[in-house]
Amino acid sequence: MSAPPLKKPVVTEREARQVAEAARERDWRKPSFAKELFLGRFRLDLIHPHPLPTDEAVRRGEQFLTKLRAFCETKVDGALIEREARIPDEVINDLKELGALGMKIDPKYGGLGLTQVYYNKALALVGSASPAIGVLLSAHQSIGVPQPLKLFGTPEQKQKFLPRCARTDISAFLLTEPDVGSDPARLATTAVPDGDDYVLDGVKLWTTNGVVADLLVVMARVPKSDGHKGGITAFVVETDTPGVTVENRNAFMGLRGIENGVTRFHQVRVPAANRIGPEGAGLKIALTTLNTGRLSLPASCVAAGKWCLKIAREWSEAREQWGKPIAHHEAVGAKISFIAATTFALEAVLDLSSQMADEDRNDIRIEGALAKLFASEMGWRIADELVQIRGGRGFETAESLRARGERAVPAEQMLRDLRINRIFEGSTEIMHLLIAREAVDAHLSVAGDLIDPEKSLSDKARAGANAGVFYAKWLPKLVTGTGQLPRAYAEFHPAGHPDLSAHLRYVERSARKLARSTFYAMSRWQGRMESKQGFLGRIVDIGAELFAMSAACVSAELLRTTEGHGREAYQLADVFCRQSRLRVEELFGRLWSNTDDVDRKVVKGVLGGAYEWLEQGVIDPSGEGPWIADATPGASEKENVHRPIR
């Protein structure tokens, strides 16, 4: 049976939050450095000594990186991909032969079995040759079919699909719809049970890899009925199934070579055996997959930072102004220092989070989210600073530079390519809310019923008693701590090196201050806390900076004791922490001194038309058409632009 005429789900704000809450991992079975940090507990023992990969993981990873580097240097023409807005089929086929589709897949299914650390190194390497290739491989393995099957698939599903994903078949992940982004409660695509099948109807937007994919992970809503729990559910769908149509290949300001499209499902029959997990578990599967899947995005930002540093160094030595290289002018030098120190910190955050994911000793759901948030914001700033250092040449395209006889440096392309990272896999604003929810989880666990208007008086009384016990033990620990001891963390101040112990003491003190600020805000605003998105965003940004400072210090100490760049690593970590501390102090000040209240008044006026006079005197170049395209289910009226790679 096919789906009835679609009516967009109408949900209240509270119902939407309940759907998101139900999809969360509620239990904390393993320790979490970041969770403890937000609670005011600086658990350095969870990240120091820095975890290390096994010798076998290093051997296997380095062996593949050598092959991948040779491939990128001889077979990948990033300028061609940018110019033609397409990765050549032969390049994708060569990637398949190389085994790049199966980097994270277990060798027993034909994959390479790389660790998260080396998977990220591979993405950074290939992404530096062509960001579009990095996105193709990442979307395929980080959020496409392999990862959810690895975590939630049955033995039969793994045996059926993983060998294909490892060598021949490209996969994609389909959640977003024309009118549904980070609010999945309104998901409109349906999967109606019919015998041993489900019948899919709906439209999916921004399907990265969707234009060339052979296999799709599709999120659809199963109606509740007899024998069916219903809810948002995940399915593996073959793209050559009748009724699957790729209606458009989308084009963007950056990442011009990615195969991103609009996919329509019309009475698409999917075997029940292709359902991943039980009905209603789709969002939980998606969020769990993203715990480590989000780490692929920081990998691209680290690669960008490394490249920007190289170009900034070479250009700033060659370009002279007023009798000396521009690098020796303080205004430019400060930008170079920021790029170098921040790139070091980004790599430290990525490597630490990835190694913790490989060890599976800690719960890294917050660390992975913080890494994505911090890297996407800082990566963009690094690229912007490079464009500024390059001046007019930074704004000029690589093709134009080449045409007039100069080195073809694609700085403006880097800026365009990186901009989407602040939106991909959860925008910065959504990441703030997701991380903030996890950061206050301990408080809501003991006192949530106190601020829930639907709870009874007896529930509130019980919550009050539990909260009293929790806070009586917790609050006194936020007054003093190790960060106030002058010689604490002394191993981070070896002779002849900058003093990183002072920065770790600052992190410890700031973690307690952050926890006190959060508690005060919850006491002040109670149930209105969730609407204070500006405040919550700053809380999360402080936590991200503290995490990055911790990772930078631990990484520097690792390099000091294992490699030959210890002194330089300590210097970079010291500079980063000094820069980070300035940002943290500003954020702490803005927790209580900000324009949030007056901003809301202005927004109300804008939406009410009070300032329409300010919009006069310009011409709107936008074309005609609805703000959101119609996504009513039905047969496609467009040509299928699906282009499988063979």
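How do the residues of the lining of the largest cavity divide into nonpolar, polar and charged? They divide into eight nonpolar, one polar and no charged, where Ala, Val, Leu, Ile, Met, Phe, Trp, Tyr, Cys and Pro count as nonpolar, Asp, Glu, Lys and Arg as charged, and the others, Gly among them, as polar.

Before going further, please note that this is a predicted model, in which local features need pLDDT of at least 70, side-chain atom pairs count only at pLDDT 80 or more, and totals for chains, interfaces and linings use all residues. Residues are numbered from 1 along each chain as its sequence is written, and side-chain values use heavy atoms, with hydrogens and water left out.

Rolling a probe the size of a water molecule over the atoms shows where empty space is left. Here, a cavity is a set of points, on a 1 Å grid over the protein atoms alone, where a 1.4 Å probe fits but cannot get out, and its lining residues have an atom within 4 Å of a point. Grid points are joined across faces, edges and corners, and a volume is the space filled by probe spheres set on the points. The structure holds two cavities of 30 Å³ or more.

The largest cavity has about 50 Å³ of space. Its lining includes Phe173, Met219 and Thr289. Strand 4 (215–222) and helix 10 (282–293) are the elements that give two or more residues to this lining; helices (H or I, at least four residues) and strands (E, at least two) are DSSP runs, numbered from the N terminus. Helix 10 provides the largest share, four residues.

The second largest cavity has a volume of about 40 Å³. Among the residues lining it are Glu82, Arg256 and Asp417. This lining divides into four nonpolar, four polar and three charged residues. Helix 4 gives the most to it, with three residues.

Now for the two single residues. Ser555 lies in helix 21 (residues 533–562). Is Ser555 buried or exposed? It is buried, with a relative accessible area of 12%; buried means under 20%, exposed over 50%, and partly exposed in between (1.4 Å probe, protein chains only). Not counting residues up to four places away in sequence, Ser555 touches His50, Phe344 and Ala348, with contact meaning heavy atoms within 4.5 Å.

Asp45, in the loop between helix 2 (33–38) and helix 3 (55–75), is partly exposed, at 46% relative accessible area. The C-alpha atoms of Asp45 and Phe33 are separated by 8.8 Å.

Key:
1 Å grid on protein atoms, 1.4 Å probe; cavity = no way out; pocket = protein on both sides within 12 Å on 5 of 7 lines; lining within 4 Å.
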